[in-house]
Structure formats: C-alpha cells, structure tokens
Amino acid sequence: MPLIMALCVVVGILIGTFYTNHFSGNKLSVINSGTNKLNNLIHIIDDQYVDTVNINDLVEKAIPQILASLDPHSVYITAKDAQTASDDLKGSFFGIGIEFVIREDTIHVQNVLPDGPAQQAGLLAGDKIVAVDGKPFVGKECTNEEAMHRLKGPDKSKVTVGILRYGSKKVKNIEITRGEVKTHSISSTYMIDQTTGYIRIKNFGENTYSELLIALAELQQEGFENLIIDLRDNSGGYLESAVQMINEFLPKNRLIVYTEGRKSARQEYKTDGRGSYQNMPLVVLINEGSASAAEIFAGAVQDNDRGTIIGRRSFGKGLVQQQLAFPDGSLVRLTIARYYTPSGRCIQKPYVGGDDKGYQKDIIDRYEHGEFFSKDSIKHDGPEYHTVGGRTVYGGGGITPDIFVAEDTSNVTSYYREASMTGLILQFAFTYTDDNRLKLNNFREMMELSDYLERQGLVEKFADYASERGLQRRNLMIKKSYGLLNTYINSRIIYNILDENAWMQYLNRDDKTIKAALDFFRNPKKDK
C-alpha cells in the first residue's frame, strides 16, 4: 500500500505539473518539442491569443503556405473546390448541361449540350439566366464559381431557372432535373486532308483512353494513313491515361515512363504490344502550355523515335502528385516522385520552393529571351540524353520539339492585343451571335458558315463596337491586324453556333504548326 500511494503521488505531481505549464502560459518547452510545434502553436493561439480566432480559418490559410514552400505543384484544395477540381478529369458530373459565359453580370447560355437535362427541359442557346430557385441571380454575386455551385447538384435533384429569351421581356421559369453531364477530353476529330487524321486532346482524364479509341475508329472509317495528335495547351492529368494511350502506338516491351521518389520505389511503365497503330506515321504537336501527362506522351514518342514532335518547347512539369483526402472533403495533392522519360531525362524545370511567381514567370522569360521565335534561343539546363536511335535530346525544362515552329507576331499590333486581352472580341462575337441567332442557326457546316461570315464586314462592325466601349479606333493598326481580327471574331461565332470541332477546323486552316505537320508527312526525309 505505501508503494502504491507513493506512485499515485508521483503521477499526480507529473499530471499537475503538465497542466499547470499548459494552462499557465509557460509554453516555450512545449513549442520546442520538435515535430509537434505546429500543432502546439495552434493550441496556444486558441488558448491565449488576445482576440478570438477562428482556428479552422487559420489552418485553411496555413496549409497552402506550407505546401507552397515545397514545390509549385503540391497544393491544397478546399472542400468547396474539391468537386470542381475533380470534374474535368473524371469525365462527368451532375448538373444541367450547358456552356455559359457571364456578360454584364448575367449568365448567357452559350451552348446547350445535346440530350442533356437543360435541352430536355427546353433551355436554348442565347437564353439569359436571371434567377435560380426563385431568387434573382444577377450583379456582383453572379460569378463563374457561384453559378456552378448553384447549377450543379446531386443526380435527380431539381433546380428552377428564370430565363429571359430573345425578343421577350417576361421572365420564364423552367424546372430542370439534374443529371449526368459528360465532359470530353478530346475536343476535335476529323480528316485534315485526304490521308491525314487529326485529334486534339485537351487533358488526360479517366475516359480519355476510351475517347481516343473511338476517335481512331472514326478516322479508320475515313481511311487515314497519317495521324496528328494535338497536345498544345494540354495541361496534363492522369499518368495512367497517358500510359494507356501511348501503348497504342509503340511496339511491345518499350519503356513509356518511369517514376521514382525518396519514399517511392522506381516504377516502370512498359508497352504490352497490343497497340493497333504501332506503324502509323505520327506527329505530336506541343507548345509552352503542354505539361505533365502531355509531356509524358510526347517524351515517350520522342525517346522511342516513334514519331516527330513539332511546335515549341513544352512547359516542363516532371513531378508526380498523389491525392490525399481529408474527412471534411478537402484535398492535398502532394508531390511524391519525379517522372523520367525513357532516355532517363527528368523534364522538370528549375524551381525554388515558395517562389510560385518566379516559376510561372518562366514562360514570360522564354518569350522575352526570344525562344518563341528562334530554336537557337532555347536554353537547356540539363545534360544530354539519347533516344533509342541515338539522337540527342535534353532534360531540365520541357520537351524540345524535333521541328520548331516560331510564333507568328508579324501582324500583331497593340490594338489587337488590347482587343483580345480586354475580352472585347469575345463580347462582340457573342453579342453578334445573339442578335443574329435565327439566321445563323440555319448553317450546319463550318465552311458554309465561314463563307457567310466573310461577307458580313465583321471587322468594321467590331471596330465601331469597340470604339463605343472605350477602345480607340486605330485604322492603320486595324488594317495590319485585319486577318487576325477577322479570324478571331469568325472563330468565336462558329464556336457559338456549331461546336468545338468546327471551331478547331476553322482555326487549323491557317495554322503554321498544322502546315508544318502536313509538310512533314509529304516529305519526312527533308524535315528530318
């Protein structure tokens, strides 16, 4: 009994000392306890800070700062934004099925997706949504984020939108039952000439591989003999999708990519030889907006000497993220490994933890250095590597194309830049579409609509429209940039009336990178 009593006294003293220190303000020893510093600091702030603090808000603000100090691609996604962040890559979401733009603080329905909930309920392109579930939805609160929050929702749930239709001043209420809305990674598939198929891939999502197979089957029916895969401005996505897709084009047992990290053992991804297009002449288009999985695809093609890469140097993202979920629905995407192309190169461009502005500014630095206009201006920070066929390639900052195509700025003027960057061209194109929708809806083919628009003098009409909204008319600059203005305006109207596939067909007609790809197919030895 004396021994038990003594032990109880000692334990009591220890417990009392801990709580005395913990609640009396003597926190220094606690804070200095190594890995528990952050957690203890939060408790101290909650317990002793002079004002009331919302600890949850404090943590929400602290986590992004901690991750930013690691690398530019380790990020925190709040529970509110987590669903939106995943929708693009999942291939579907639950909503009403429209594409919209916000003009003058109001939602304008740009396109109604075929067979979607909105189309079945009677919503039309050109309708303005001014209310949601009986409450006005216009003004400053009408943002893209808030609009998606209100229009998306669980499957089979209902939402009532109040619309203003062209020619009517009375608000009409339409009840829509939300349903699954398919999103597509492949935005354009068509025969660009009699023998060449074209596929544009926007990102690498869960369904991109199956979409690719469908696109290839469509081109097969058209009798294609060559293939252009356009990965320009493709920011990436799932590594697994890129691996599945490149497997279609490489022979058996070829290395596609491998990943390796401090806590992640080397993992190799190789082809299984089942691909149906292993001998199809192939060109892959890239630019400074091509990143991550897009670079894995292009790197595998280049290092295996399987096809030709055309365009400008890619972004340079060679880090692999793992997605970790918190109980509240928020996410952390943490970099756990680097990926390496078959030749062994990591194409991650240099970065300094916490310096996201400098990292993103790299593209501007490339432009100012002249890299967009001359291949000789490209800086290679990494060592030399070699493809299967012995060609020299470089790492340390993106994929350098085999055939370089400079950006054409010969007809760009300050007037054109301002018209583009202020959104005036987009606004004019949508306004023109809306005012002439009844006439324009009669056109079903891109060429037919394009020929009609060419006769409408839209550049002059735009100049008047822009002048009324503060963009001073500059006749000499308008004349110099006439072709650029005309193409931009017409392309957006074609997008509004037809679809993204028609839009890409129109833009590709005068695209110099597309022309370089077609020239290569006609005379591959010359370009090599």
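**Stop 1**

Start by selecting Leu 41, which sits in helix H3 (residues 37-48). Helices here are DSSP runs of H or I with at least four residues, strands are E runs of at least two, and both are numbered from the N terminus. Before going on, know that this is a predicted model, where local features need pLDDT of at least 70, side-chain atom pairs count only at pLDDT 80 or more, and totals for chains, interfaces and linings use all residues. Residues are numbered from 1 along each chain as its sequence is written, and side-chain values use heavy atoms, leaving out hydrogens and water.

**Stop 1: zoom out**

Show the whole protein chain as a cartoon. You have 22 helices and 21 strands to look at. The C-alpha trace spans about 105 × 70 × 45 Å along its principal axes, and 45% of the 528 residues count as buried.

**Stop 2: strands side by side**

Select strand S7 (residues 158-164). Strand S5 (residues 128-132) runs antiparallel to S7, joined by four bridges; for instance, Val 132 has Val 161 as its bridge partner. S7 also pairs with strand S8 (residues 172-177), again antiparallel, over six bridges. Look there for Ile 163, whose partner in S8 is Lys 172. Two strands pair if DSSP finds at least two bridges between them.

**Stop 3: an open sheet**

Next, pick out six strands in the order S10-S11-S12-S15-S16-S21, which form an open sheet with mixed pairing. S10 (186-191) and S21 (403-404) are at the edges with a single partner strand each, so one side of each has no neighbour in the sheet. S10 and S11 (residues 196-201) are antiparallel and joined by five bridges, with Ser 188 partnered by Arg 200.

Asp 230 is in strand S12 and Arg 200 in strand S11, so the pair ties together parts that are 30 residues apart in sequence. Both residues are buried. A salt bridge means a side-chain nitrogen of Lys or Arg within 4 Å of a carboxyl oxygen of Asp or Glu, and by this rule the count is 26.

**Stop 4: a charged network**

Select Arg 313, Lys 349, Asp 362, Arg 366 and Glu 371 together: salt bridges link them in a network.

**Last stop: a helix to finish**

Select helix H14 (residues 424-435). What is buried in H14? Among the buried residues are Leu 424, Ile 425, Phe 428 and Tyr 432.

How values were computed:
Buried < 20%, exposed > 50% of the residue type's maximum accessible area, 1.4 Å probe, protein only.
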